[in-house]
Every structure is written in C-alpha cells, then in structure tokens.
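Here is a friendly note to read alongside the model.

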Amino acid sequence: MISMVIEMIFTCDNCGFIFSRSEETEQCPDCGKYEVRPANEEEQVEFAQRMAELSRSEHSEQPRIPDIGDAELSMFSSFSFRLPATALGISSAMIVDVVVEYGENPANRAELAGNAWARQEGGTTSCFLMAVHLPIKQGETPKEQVNRIFASLNGDDAFRKKLLDFIVQQPRM
C-alpha cells in the first residue's frame, strides 16, 4: 500500500538552507539556529528542482526499476457520458460509458490532446477508442474545452465507427 506523506518546505533565514519535513519545525537541521520559516514559492521551486536533480544523479549510475515515488505527475481533466447502443442503430439494451481524459499535450504545448475510452456499463475493463487533438485556445474555460472536445468526437465518423465496433464486439451481459 502506498502511504502519502505531505511534506512542508522550510527555509532557514540564518544560513539559507531549504529543507522539507513532514511536520512543523523551528530548528534548522543544517546550522541549528531557530530562524526557520515556511519557504516562499520561489524557494519551493528551487527545492523541487534540487531534489529532482539529486534523484536523477543518484539513479543515473545504476540500472534500476523505477519507484512509483520517482514518477512525474501530470494533471489531466476528464469527462464522461453514457450512450445507449440504440443511439448507433444497434438493437440492444447495452449502455456504454465513454470517458475522455484530456489535457495540454506535453509534446506540443499549443495542442489540447485527449484519449477516449469505452466500457460496457457494469463492465470492468475499458477499451481505448481513439485520441483527439485540437489546438489550444487561450483563455478557454474547462467547460468550453469539454464542449469543444465533445463536439469534435460527435462529428467524427471514425469515433462513431470505433464506438460501433466496440459495442458489436462486447459480450452481452
């Protein structure tokens, strides 16, 4: 089981040491002075960069299996909708849950990228349907992004075909 520790980042006003702790502290572990305060945003960024560099240098020498703690996290948004098979002209009581995960494309920061997944209602396994790529619009709200992605999928014949193929291939529950 993965336990989550929320660390606080502190700075010593005496020696400038930036460090983290899982609980409040008043004493600097470097110089021992009691001139510790919560780190400001700039100091937090510096601390994160130093820790990332330290992690890379420690692990670059030896082959290893990455630890989940070394993973880089990305924030994604998602939306979902339910669609009866009859909406695609299939005579079936099946309902399909479609989930679309989307976010800024890390390979092209000017692009909004998403992945559409389908799962039969009550099923346990999702199936990748397709990716969608749209240009990012400055100032667009998340709701506007969802509406634009949904409209893109709704007007895409390839999406409709992949969804239809998914439904046909599913065992009837």
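1. To how many disulfides does the count come? A disulfide here is a pair of cysteine sulfur atoms within 2.5 Å, and by this rule the count comes to zero. The sulfur of Cys12 lies 3.6 Å from the closest cysteine sulfur, in Cys31, which is too far for a bond. Cys31, likewise, is in no disulfide, with the sulfur of Cys12 as its nearest cysteine sulfur at 3.6 Å.

2. Before going on, a word on the source. This is a predicted model, in which local features need pLDDT of at least 70 and side-chain atom pairs count only at pLDDT 80 or more, while totals for chains, interfaces and linings use all residues. Residues are numbered from 1 along each chain as its sequence is written, and side-chain values use heavy atoms, with hydrogens and water left out.

3. Buried means under 20% relative accessible area, exposed over 50%, and partly exposed in between (1.4 Å probe, protein chains only). Cys12 has 1% relative accessibility and therefore counts as buried; Cys31, at 31%, counts as partly exposed.

4. Now the overall layout. The protein chain has three helices and seven strands, in the order β-β-β-α-β-β-β-β-α-α along the sequence. These are DSSP runs (helices: H or I, at least four residues; strands: E, at least two), numbered from the N terminus. Of the 173 residues in the protein chain, 27% count as buried.

5. Helix H2 deserves a look. Gln145, Arg148, Ile149 and Leu153 are buried in H2. Seen down the axis, the buried residues of H2 fall within an arc of 135° (taken from the directions from the helix axis to the C-beta atoms), so they line one face of the helix. Exposed Lys143 and Asn154 sit on the face of H2 turned away from its buried side.

6. What do the buried residues of H2 pack against? They pack against strands S4 (77–84), S5 (95–105), S6 (108–120) and S7 (127–135), and against helix H3 (157–169).

7. Finally, the strands. Two strands pair if DSSP finds at least two bridges between them. S4 and S5 pair in the antiparallel sense over eight bridges, and Phe79 stands opposite Val100 in S5. S5 and S6 also pair in the antiparallel sense, over 10 bridges, and form a hairpin with two residues between them. Leu112 in S6 is the bridge partner of Glu104.

Notes: Contact = heavy atoms within 4.5 Å.
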